[in-house]
Amino acid sequence: MSADDAAAALRVSRATLYAYVSRGFIRSQAMPGRSRQRGYSRDDVDRLRRRTEARRDPENAAARALQWGVPVLESAITLIDGNTLYYRGHDATTLARSRSLSEVASLIWTGRFETAFPPAVLRRVVPPGPAARRLSFVARAQTALAHASAQDPLAFDVRPEGAALSGWRILHLLAASATEQAANPPAIDRALGRAWRVADRGVDVLRAALILSADHELNVSSFTARCVASAGSNPYAVVIAALAALEGTRHGGASARVESMLASMRRTRDVRSAIDARLRRGEPIGGFGHPLYPHGDPRATMLLDLLRQRYAKSAELAFVAEFVEAASAASREQPNIDFALAALARVLRLPAGSPIVLFAIGRTIGWIGQAIEQYATGQLIRPRAKYVGVVPLSQA
């Protein structure tokens, strides 16, 4: 867009438009064939315009609320404020460095750190055999949850304390589904590290990844969790449904595409040229950019920093750093959590598919927290649809 068109779309002066550019809200570039004139990203202008309209006229903005729009449900769990992610008022990156997974689960579910959860007693979670081994992690987890729900006499205790205890059992079921072990480990991060043969320095990185994945406001899987909870379904059913949403390629399943992209790029000698070729073919660079973090995803920033601190001499980390530099220059975007989880898996040499395992186990904490909030409202989530089909003959 030209400067005049962009300023008109935003209903601001050109001076304000330039201020938006300088603050990184709108990208601009030189216009070909026009001396000293610049073009302005239509996507950035449209995104900024929608946010401004939502503040000026929230009622009309509600129709667009399902697409990164204005808030539609109240929650006291997660705040995304500029470049910072908070869980109940605590910086999530600080929690990832200083707290255990159980403490963060306690915070999100109860509002305090010190809840003492009892040991989770698990039976075999997936029937043995070659058919079960061919299932994806999500399918194994959903199967385990369905079996456990049928055997748990307290599954429908959806009072806050009861739902939190179910959540603790569910977390361990997911970890057991990932490791294919029915043992009852003292800590989920250590159980994953043991199964994946990760050294102690890497276990801390796994724990940070789980905590940073714990909640992210009203994303599609968390909205699914709240809808299912609003129907009165138990926490096991909530997580089964949320896992189905998470596995989609536009959500947690995006990490699988990033894994594949990194694997293919690892075989090339010139990463920058390979990225340029990818863009010329119309293929996206997965794992970069996030609509809620115009200046970079703080979750990814922290995980990549941890990798640099713990694995400074890693050849895989050197490749990841080279890729980030080239991809950021080409896309003018920063890595997001999908990229960071895939990078973590390469540096720690985790098995294929481990990024979505970490994402799912961590995000289960948030799903249970969202469900607890929804149970407390006693309300059914039932939006109305705007009919745009054929007008009935009786009304024509």
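A salt bridge is taken here as a side-chain nitrogen of Lys or Arg within 4 Å of a carboxyl oxygen of Asp or Glu. The structure is a predicted model, in which local features need pLDDT of at least 70, side-chain atom pairs count only at pLDDT 80 or more, and totals for chains, interfaces and linings use all residues. Residues are numbered from 1 along each chain as its sequence is written, and side-chain values use heavy atoms, with hydrogens and water left out.

A search of the whole structure returned 19 salt bridges. In one of them, Arg281 pairs with Glu283, with 2.9 Å between the closest N and O atoms. For burial, residues are called buried under 20% relative accessible area, exposed over 50% and partly exposed in between (1.4 Å probe, protein chains only). Arg281 is therefore exposed at 52%, while Glu283 is partly exposed at 30%. Another salt bridge links Asp297 and Arg299 (2.7 Å, N to O), and here both residues are buried.

Salt bridges with shared partners also join Arg27, Asp44, Arg47 and Glu333 into one network. Within this group, the closest N and O atoms of Arg47 and Asp44 are 2.7 Å apart. The two residues sit 3 residues apart, about one turn, in helix α3 (residues 42-56); helices (H or I, at least four residues) and strands (E, at least two) are DSSP runs numbered from the N terminus. Asp44 is buried, with a relative accessible area of 3%, whereas Arg47 is partly exposed at 27%.

Turning to the strands, an open sheet of 3 strands runs in the order β3-β4-β5 with antiparallel pairing. Its edge strands, β3 (78-81) and β5 (90-91), each pair on one side only; two strands pair if DSSP finds at least two bridges between them. Between β3 and β4 (residues 84-87) there are 4 bridges in the antiparallel sense, and Asp81 has Thr84 of β4 as its bridge partner.

Elsewhere, helix α9 (residues 160-179) holds Ser166, which is buried at 0% relative accessible area. The C-alpha atom of Ser166 lies 9.5 Å from that of Ser149, 17 residues away along the chain.

Helix α17 (residues 315-331) contains Glu325, a residue exposed at 54% relative accessible area. On the surface, Glu325 gathers with Asp270, Asp276 and Glu322 in a patch of negative charge. Patches are made of residues with over 30% relative accessible area and no salt bridge, like charges being joined within 9 Å and nonpolar side chains (Val, Leu, Ile, Met, Phe, Trp, Tyr) within 5 Å.

Notes: Areas by Shrake-Rupley, 256 points an atom, 1.4 Å probe, with all protein chains shown as cover. Lys, Arg positive; Asp, Glu negative; His and termini not counted. Charge placed at Lys NZ, Arg CZ, Asp CG, Glu CD.
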